[in-house]
Amino acid sequence: MKKLLYLILPLMLCVSCDDYLDVKPVGQVIPEAVEDYRSFLTAAYAITNTNKVLTTYRSDELQINPNSPGVEQYEDIFIWNDENPSPLTRQVPYGSFYNIIFYCNHIIKNQNNMEGEAEAIDQLIGEAYALRAMQYFELINLYAKPYNISTADEDPAVPIVTIYETDVEYPVSTVKEVYDLILNDLTQADLLINVDEQNTGLNYRFSRVAVKAFKARVYLYQNQWQKAIDNADEALALNSGLQDLNIDSSIMPSEYNSVESLLALETVASFDLANNSAISDDLIEAYDQSGDLRFDLYFEENPGGIFRSKKSAENKFKVSYRTSELYLIRAEALSQLGETDAAKEVLLEFSKNRYTPEGFEQYSLNLDGLNADNLLAEILDERRREFAIEGQRWYDLRRTTQPEVTKTYNGQTYTLERNDERYVIPLPNNAVINNPDL
């Protein structure tokens with residue numbers, strides 16, 4: 001493919017520390033100083049991808065009404081109609097990921113040409129490596145099979161582009177090759193990044209704790225349980241804060257200014273999701289409404305008994321990694337390693353911050369009676385409750401049991417079968433047209 005990406009150098013951007021992600025154009029420049037390249041990376045950070053929003057429609061977290069405004073953009077996604085979707089259907093991002101990758105590649109390529117303090121240059125290059133890894137992680141979890149150690153070196157994934165050239169082909173790489181790139185990039189980021197944790201308002205940028213949290217997630221998705229635990233522990237050594245909802249329920253734990261925020265970058269909700277869709281009955285039933293403090297914090301009841309999400313498209317709801325996930329990664333990995341008692345201890349340490357005292361007492365009793373298999377199922381249910389409408393559910397369904405999911409829409413029933421091939425999203429038609437190798 002000669003034209004893999006839709007790459008145009010947009011205006012250089014810079015960020016104001018006064019307002020969260022307040023990005024303002026400052027004109028086109030030829031970067032030389034590290035500050036110029038910082039503006040270049042800020043432009044990459046500012047590109048919005050909607051994949052977490054669209055996969056929430058694809059998962060089992062929502063229900064939609066055929067009479068809702070704008071529903072025609074989501075109904076084919078909702079019922080997994082990938083073969084002949086309406087022209088009005090929103091397209092899952094693809095090219096925009098590579099646009100961000102282009103920015104990162106340009107910064108990495110020019111690291112020896114930058115002028116400025118070595119520490120600032122290292123930090124910037126490290127962020128570029130981490131941000132590039134993030135794009136490939138999203139691409140591979142949308143458009144490729146979940147990681148399977150026995151088939152990863154054969155399963156097709158997406159093209160790898162680390163140096164952009166106009167007259168070369170970009171063949172599809174394997175799942176293993178893409179994961180290897182992700183981990184290599186994160187290793188470089190870990191070596192270079194020197195900011196332990198970004199200040200609130202700048203925490204859309206990668207820091208050491210965000211890189212370690214990201215690595216923990218990557219290893220979890222690869223079923224490398226001990227490495228997931230090790231990296232979660234390293235991240236928790238930098239920030240182990242949990243928001244106790246018994247004490248403070250003024251904000252959600254997922255908001256960018258929460259004590260739990262490690263990286264607040266990705267858009268996970270939209271106006272349509274918050275206002276024109278409803279929470280699925282199945283998700284509502286996953287909560288103990290009397291004892292789980294998250295239920296009233298996350299959802300609101302509308303006339304007719306319809307529950308909607310309080311998480312919206314506001315910048316304050318941007319979220320990528322937070323400390324809650326580190327605790328649940330540890331619990332899941334310990335459970336997978338057969339360390340049932342240790343997994344229960346981690347789960348209790350986390351959940352006491354989410355339930356009323358009475359609810360936690362009952363939760364503890366229930367947890368005590370679980371065997372290894374039931375404990376793992378409970379940990380995954382806890383992830384479902386904790387990360388509702390944050391774009392994690394579809395990925396969790398894919399990487400774990402790929403269960404059968406049934407939905408009713410407009411009087412018809414639709415089923416995603418167990419291990420259905422539709423757990424992998426087809427590449428967009430325009431991407432295939434531009435690159436027949438796909």
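Me: By class, how many residues in the lining of the largest pocket are nonpolar, polar and charged?
Reply: This is a predicted model, in which local features need pLDDT of at least 70 and side-chain atom pairs need 80 or more, while totals for chains, interfaces and linings use all residues. Residues are numbered from 1 along each chain as its sequence is written, and side-chain values use heavy atoms, without hydrogens or water. A pocket is an open set of points on a 1 Å grid over the protein atoms alone, with protein on both sides within 12 Å along at least five of seven lines, and lining residues have an atom within 4 Å of a point. With Ala, Val, Leu, Ile, Met, Phe, Trp, Tyr, Cys and Pro as nonpolar, Asp, Glu, Lys and Arg as charged, and the others, Gly among them, as polar, the lining has 15 nonpolar, six polar and nine charged residues.

Me: Which elements give two or more residues to the lining of the largest pocket?
Reply: The largest pocket has a volume of about 710 Å³. Its lining holds 30 residues, and those closest to its centre are Lys145, Glu421, Arg422, Tyr423 and Val424. Helices (H or I, at least four residues) and strands (E, at least two) are DSSP runs, numbered from the N terminus. The elements that contribute two or more residues are strand 4 (156-159) and helix 16 (393-399).

Me: What volume does the largest cavity have?
Reply: In a cavity, a 1.4 Å probe fits but cannot get out. The whole structure holds two cavities of 30 Å³ or more. Residues lining the largest cavity include Lys52, Arg217, Glu266 and Tyr321, and by class its lining has four nonpolar, two polar and six charged residues. The space in the largest cavity is about 70 Å³.

Me: How many residues of helix 7 are buried?
Reply: Helix 7 covers residues 208-221 and reaches 20 Å from its first C-alpha to its last. Just after helix 7, Asn223 takes a positive phi of about 60 degrees. Buried means under 20% relative accessible area (1.4 Å probe, protein chains only). Helix 7 is mostly covered, and the buried count is 13 of its 14 residues.

Me: Why does Ser59 count as buried?
Reply: Ser59 lies in the loop between helix 2 (51-58) and strand 3 (62-64). Its side chain reaches the backbone nitrogen of Glu61 at 3.4 Å. Ser59 counts as buried because its relative accessibility is 1%.

Me: In the hairpin of strand 8 and strand 9, which residue in the turn has a positive phi?
Reply: Strand 8 (residues 299-302) and strand 9 (residues 306-309) pair in the antiparallel sense over four bridges, where pairing requires at least two bridges found by DSSP. The bridge partner of Asn302 in strand 9 is Ile306. Three residues lie between the two strands, and the one with a positive phi, of about 90 degrees, is Gly304.

Definitions and conventions: The expected span of a helix is 1.5 Å times one less than its number of residues. Buried means under 20% relative accessible area, exposed over 50%, partly exposed in between (1.4 Å probe, protein chains only). Grid points are joined across faces, edges and corners, and a volume is the space filled by probe spheres set on the points. A polar contact is a pair of N or O atoms within 3.5 Å; within protein, one must be able to donate a hydrogen and the other to accept it, and residues adjacent in sequence count only if both atoms are side-chain atoms.
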